[in-house]
Amino acid sequence: MERIYDMIIIGGGPAGYTAALYSSRAGFDTLVLERMAVGGQMTLTDVIDNYPGFAQGIDGIQLSQNMQQGAERFGTQTMYDEVVSVDLVSEIKEIETAYSGNLFAKTVVIATGANPRELGLVNEQELLGAGIHYCAHCDGRFYKDKVAVVVGGGNSAVSDALYLSHLCKKVYLVHRRDVLRATKIYHEPVMKAQNIEFCYNSVVSKVESENGRVSSISLIDVKTNEKREIECDAVFISIGRKPATEFLDGQLELDNGGYIVADESTKTAIDGVFAVGDVRTKVLRQVVTAVSDGAVAAHYAEEYLSR
Ligand code: NAP
């Protein structure tokens, strides 16, 4: 007889481990499936200072481990594997994994978050890791005293530019509009940084390489059509994220951005299936809203399991 978990959570970020904490603490047999390392996007942040309870902020990796341990203390099990496909429609949900075979659960919480959005340059994949990167906090250290370009104007791009400005000789921030989307708290430090140059109203038309590594980019001013070439060692693409939902294969409704349609109850259109954290349609994607989703999903899952 196959084991049937009360709850399988796909994704071990803050939303996933909060659902796990609440579920296992309520006595439910709970499994978290995590593809790589627990923590999701939190692990890419040096100091998280907008999550309450830490007077000095907290290191993203440390907070990830704390959340995992907090859930495992109540019996949550973590399995490192990738979900290939799911059957969510049946009463007992079935999850096909890459290495551990098929798993079964009464409820499923999807907490897979989102992956970096690509810029769509012809040689983007070819130069990946050879000057093109999606994570300044992971790969910035390779560009000490070099020249880096950050593309994007949101919180991630601005925080990446700030981070790189402490390492690199020069940082160009390329944004397609004339005003940053990033929240005000980032504006002052980024404006103050002596080695950040803003390239507003600009899009990257081309990335050139030499000896297999990024050597320069070409920009086009979207207002004047003027062209500009910038010699650089790295391009950090920070233009938002695309939700990780490939494995769903059309079983749940997605919005225009590819996010799973679910309201603040985190309930999807399928009974017993919940979407939490960054993968769900929502206004504010933060650790604090992700953990809230996790708790709400566990609450409604408990209600569903008690029927
Ligand atoms: P975002 O807020 O969606 O910003 C994406 C940026 O990329 C926008 O400036 C957008 O330009 C630009 N962009 C999108 N597609 C582009 C393209 N094809 N070419 C050029 N530029 C393009 O994404 P994010 O900065 O990754 O942030 C994601 C979420 O995480 C947000 O909710 C954010 O608040 C949150 N976050 C929070 C913090 C924090 O609070 N400390 C830190 C990081 C991220 P337009 O402005 O023209 O659309």
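Reader: Which helix gives the largest share of the lining of the second largest pocket?

Author: Rolling a probe the size of a water molecule over the atoms shows where empty space is left. Here H2 supplies the largest share, five residues. Helices are DSSP runs (H or I, at least four residues), numbered from the N terminus. A pocket is an open set of points on a 1 Å grid over the protein atoms alone, where a 1.4 Å probe fits, with protein on both sides within 12 Å along at least five of seven lines; lining residues have an atom within 4 Å of a point. This is a predicted model: local features need pLDDT of at least 70, side-chain atom pairs count only at pLDDT 80 or more, and totals for chains, interfaces and linings use all residues. Residues are numbered from 1 along each chain as its sequence is written, and side-chain values use heavy atoms, without hydrogens and water.

Reader: How much space lies in the second largest pocket?

Author: About 200 Å³, taken as the space filled by probe spheres set on the points, which are joined across faces, edges and corners. Of its 13 lining residues, Thr18, Leu21, Tyr51, Met67 and Val291 are the closest to the centre.

Reader: At what angle do H4 and H5 pack?

Author: Two packed helices are described by the angle between their axes and the distance between the axes. H4 (residues 155–165) and H5 (residues 184–192) pack at about 30°, axes 10 Å apart. Axes are lines fitted to C-alpha atoms over the stretch in contact, and angles run from 0 to 180 degrees between N-to-C directions. H4 and H5 are therefore roughly parallel (angles under 35 degrees).

Definitions and conventions: Helices (H or I, at least four residues) and strands (E, at least two) are DSSP runs, numbered from the N terminus. Angles under 35 degrees count as roughly parallel, over 145 as roughly antiparallel, 65 to 115 as roughly perpendicular and the rest as oblique.
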